[in-house]
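Good morning, everyone, and thank you for making time for this short talk.

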Amino acid sequence: MSAAPDAVECRVYRASRQAELYVYLRDGVHPADLPAALVARTGELVEVMPLRLHAGRPLARVDVQAVMAALAQNGWFVQMPPGAMVNAHLHFGD
C-alpha cells in the first residue's frame, strides 16, 4: 500500500442499505466510479459532508492514516459499522 499524502480532500457518504456504513470518496471520485458490487451492497449513497483529512485530524472509528492511504490508492474507503453489525443482505443478497 502506498504512503498517505499530507492532506486529502474528500466527501463522506452514508449507505442507504446499512446503518452506520460510510463511504469516503476522494475529491474527483464519484459514487458512479465505485465497483458495481460495492454499490449493489450499499444501495444509494447519500452525501453527508465534505472533509479535509490530515494526520492531525482524528476520526471517531477509523485510523485517519488508513483512510488517507486508501483514498490515495483507490479513491475510496469503506467505514464499516461498529462491532461488525452488518445486515445479512450485505453478505447474501436480498
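Before the first place, a word on naming: helices, of at least four residues, and strands, of at least two, are DSSP runs, numbered from the N terminus. Please also keep in mind that what you see is a predicted model.

With those names in hand, look at glycine 75, which sits in the loop between H2 and strand E4 (76-79). Is glycine 75 buried or exposed? Its relative accessible area is 0%, and because buried means under 20%, glycine 75 counts as buried. Leaving out residues up to four places away in sequence, glycine 75 touches Tyr24, Leu25, Arg26, Val29 and Ala70. Histidine 30 is 45 residues away from glycine 75 along the chain, yet the C-alpha atoms of the two are separated by 9.2 Å.

Let us turn to the nonpolar cores. The largest of them has 14 residues, and Tyr24, Leu51 and Leu59 are among those with the most contacts inside it. E1, strand E3 (45-54) and helix H2 (64-73) each supply at least two residues of this core, and the largest share, five residues, comes from H2. Apart from this core lies another, of 10 residues, including Tyr13, Leu25, Val29 and Val78.

Most residues other than glycine have a negative phi, whereas the phi of glutamate 20 is positive, near 60°. Glutamate 20 is partly exposed, with a relative accessible area of 36%.

Key:
Residues are numbered from 1 along each chain as its sequence is written. This is a predicted model: local features need pLDDT of at least 70, side-chain atom pairs count only at pLDDT 80 or more; totals for chains, interfaces and linings use all residues. Side-chain values use heavy atoms; hydrogens and water are left out. Buried means under 20% relative accessible area, exposed over 50%, partly exposed in between (1.4 Å probe, protein chains only). A nonpolar core is a set of buried Ala, Val, Leu, Ile, Met, Phe, Trp, Tyr and Cys residues joined through side-chain atoms within 4.5 Å. Contact means heavy atoms within 4.5 Å.
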